[in-house]
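Me: I would like to learn how to read side-chain features from a model. Please take one structure and go through it with me.

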Amino acid sequence: MLSRTADHLFWMSRTTERAERRAAGAPSRQHSLRAQRVRGFLPGEDAC
């Protein structure tokens with residue numbers, strides 16, 4: 001019973017941490033990877 005309670009507390013804190021990060025405006029890892037992929041397909045400033 002104690003281990004189940006500890007497990008629930010762990011996952012609740014992880015979920016809260018993720019929600020706080022999103023609320024703070026920090027981009028998710030998936031969003032960052034997508035943005036990097038898109039930037040690779042767009043011409044850069046120094047491309048001629």
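Reply: Start with accessibility: a residue counts as buried under 20% relative accessible area, as exposed over 50%, and as partly exposed in between. This is a predicted model. In it, threonine 15 has a relative accessible area of 49%, so it is partly exposed.

Me: Where does threonine 15 lie, and what does its side chain reach?

Reply: Threonine 15 is part of helix α1. Its side chain reaches the backbone oxygen of tryptophan 11, at 2.9 Å.

Me: How many helices and strands does the chain have?

Reply: There are 2 helices and 0 strands. Helix α1 covers residues 2-23.

Me: What follows α1?

Reply: Glycine 25 follows α1, and its phi is positive, near 90 degrees.

Me: How should I read a salt bridge within a helix?

Reply: Begin with the spacing. An α-helix has 3.6 residues a turn, so residues three or four places apart point the same way. The structure holds 1 salt bridge. Arginine 21 forms it with glutamate 17, and the closest N and O atoms are 2.5 Å apart. Because the two residues are 4 apart in helix α1, about one helical turn separates arginine 21 from glutamate 17.

Me: Are arginine 21 and glutamate 17 buried, exposed or partly exposed?

Reply: Arginine 21 has 45% relative accessibility, so it counts as partly exposed. Glutamate 17 is also partly exposed, with a relative accessible area of 36%.

Me: What about aromatic rings: how do I tell stacked from edge-to-face?

Reply: Look at the angle between the ring planes: under 30 degrees counts as stacked, over 60 as edge-to-face. The structure holds 1 aromatic pair. Phenylalanine 10 and tryptophan 11 form this pair, with 4.9 Å centre to centre and 80 degrees between the planes, which makes it edge-to-face. Phenylalanine 10 is partly exposed, at a relative accessible area of 42%. Tryptophan 11, at 44% relative accessibility, also counts as partly exposed.

Conventions
Residues numbered from 1 in each chain as written. Predicted model: local features only at pLDDT ≥ 70, side-chain atom pairs only at ≥ 80, totals over all residues. Heavy atoms only, no water. Salt bridge = Lys/Arg side-chain N within 4 Å of Asp/Glu carboxyl O. Buried < 20%, exposed > 50% of the residue type's maximum accessible area, 1.4 Å probe, protein only. Phe/Tyr/Trp six-rings, centres within 6.5 Å; stacked < 30°, edge-to-face > 60°. Polar contact = N/O pair within 3.5 Å; in protein donor to acceptor, adjacent residues only side chain to side chain.
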